[in-house]
Amino acid sequence: MSQFITKSVLLKPLTASARVSLARPFSTTFSHVPVNTPTGNASTTDGNYQNIVSETRGKVGLITLNRPKALNALSSALFHEVNDALFKFDADENVGAIVITGSEKAFAAGADIKEMKDNVAIECYKNNFLGHWTDITKVKKPILAAVNGFALGGGCELAMMCDIIYAGDKAVFGQPEIKLGIIPGAGGTQRLVKAVGKSKAMEICLTGSVNLSAEEALNLGLVSKVVPADQLVDETIKTAEKIAKMSQPMTQMVKECINQSFELSLTSGLLFERRLFHSGFGTHDQKEGMSAFVEKRKPTFENK
């Protein structure tokens, strides 16, 4: 959950001089940097945020973490804005999938350490510190993470809360919290092991300096695809667009079933899947999809 900069393979805490050049004070205000939109792809932007840029591209909601001088350190204010944007997209019938990204230098280099360094244990417990981070997992629509650069600590945990991860070819994943005398607090010890296995998760979390390159993350199953950094966001949006064209009730059921597979036994999971499968036959989109297949035409889903 910390902010780090790399000098080769190992990641070290930022020095004072590095902070001057790479990180601004961790304030909660930042002037928006315009986000370029590909020609012909309709876009609308929500300008009410200070730490993120939220926009729609066709049927895809796009959230860009926007604290570039802080390497997108995850402050409390930033995460509240991310959650707000996510739930707005979740409620928008015109949005079928969501993409979260950062900059080419950093998806998110960690949590805001200056913000949390003086926390007191009992207050953390009483106020459920970082509890609001997991609100992302309550979003029904599929969420894709487009990860460029550093995804360390909280940044790696944020990516793992998403449903699909695409990585730029220079992406770096890691959990360096142990170097700060603390452990991961938003899923680093829980979600990572399910993706990369016990031994590798132990190595990453216990050393704080064994980090995964994009290719290593792909080989271990942490990410689905690696693409050139400058093509990452467009490639992720392409996949999100494919998902957004499907029946929204069905994409949400698929997401729910796969996520339940981590919580249920195989027998219970199969029963859960079958019950949702059965319920699908009560939808308009099932009738339309199967009729279109038989009639050799493209279906027109109405999300009902």
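**View 1. Asn-303, a residue that counts as partly exposed at 32% relative accessibility.** This close-up, like the others, shows a predicted model. Asn-303 belongs to the segment after helix H12, and its phi lies near 60°, a positive value in a residue other than glycine. Such a value deserves a remark, for most residues other than glycine have a negative phi. The segment after H12, a helix that covers residues 284-294, also holds Lys-296, and there phi is near 55°, again positive in a residue other than glycine. Lys-296 has a relative accessibility of 76% and therefore counts as exposed, the limit being 50%.

**View 2. The protein as a whole, with 12 helices and 13 strands.** The chain has 304 residues, and 46% of them count as buried. The accessible surface amounts to about 15,400 Å², and carbon and sulfur atoms account for 57% of this area. When contacts between residues at least 6 apart in sequence are considered, 65% of them join residues that are at least 24 apart.

**View 3. The largest nonpolar core, a set of 47 residues.** Within this core, the members that touch the most other members are Ile-100 and Phe-173. The element that gives the most to the core is helix H2, residues 76-91, which supplies six residues. Another core lies apart from the largest one, and its 13 residues include Leu-62, Ala-146, Val-227 and Ala-244.

**View 4. Cys-162, in the loop between helix H5 and strand S10.** Helix H5 covers residues 154-161 and strand S10 covers residues 164-168, with Cys-162 placed in the loop between them. Its relative accessible area is 8%, and because this is under 20%, Cys-162 is called buried. Apart from its neighbours within four places in sequence, Cys-162 is in contact with Ile-100, Ile-136, Ile-143, Leu-144 and Ala-145. Val-139 is 23 residues away from Cys-162 in sequence, and the two C-alpha atoms are 9.8 Å apart in space.

**View 5. Helix H7, residues 198-207, and its buried residues Ala-201, Ile-204 and Cys-205.** Seen down the axis of H7, these buried residues fall within an arc of 85°, so they line one face of the helix. The buried residues of H7 pack against strand S11 (172-174), helix H6 (191-196) and strand S12 (212-213), whereas the face turned away from the buried side carries the exposed residues Ser-199 and Leu-206. Just after H7 comes Gly-208, with a positive phi of about 70°.

View 6. The buried residues in H9 are Leu-232, Thr-236, Ile-237, Thr-239, Ala-240, Ile-243 and Ala-244. They cover an arc of only 160° around the axis, and therefore lie on the same side of H9.

**View 7. Aromatic rings, which form two pairs in this model.** A pair of this kind is described by the distance of the centres and the angle of the planes. Phe-79 and Trp-133 form a stacked pair, with 4.5 Å centre to centre and 10° between the planes. This pair links distant parts of the chain, since Phe-79 is in helix H2 while Trp-133 is in the loop between helix H4 (121-126) and strand S8 (143-147), 54 residues apart. Both Phe-79 and Trp-133 are buried. Phe-277 and Phe-281 form an edge-to-face pair, with 5.2 Å centre to centre and 90° between the planes. Phe-281 has a relative accessibility of 36% and so counts as partly exposed.

Technical notes: Residues numbered from 1 in each chain as written. Predicted model: local features only at pLDDT ≥ 70, side-chain atom pairs only at ≥ 80, totals over all residues. Heavy atoms only, no water. Core = buried A, V, L, I, M, F, W, Y, C linked by side-chain atoms within 4.5 Å. Buried < 20%, exposed > 50% of the residue type's maximum accessible area, 1.4 Å probe, protein only. Helix = DSSP H or I, 4+ residues; strand = E, 2+ residues; numbered from the N terminus. Arc of directions from axis to C-beta. Phe/Tyr/Trp six-rings, centres within 6.5 Å; stacked < 30°, edge-to-face > 60°. Contact = heavy atoms within 4.5 Å. Areas by Shrake-Rupley, 256 points an atom, 1.4 Å probe, with all protein chains shown as cover.
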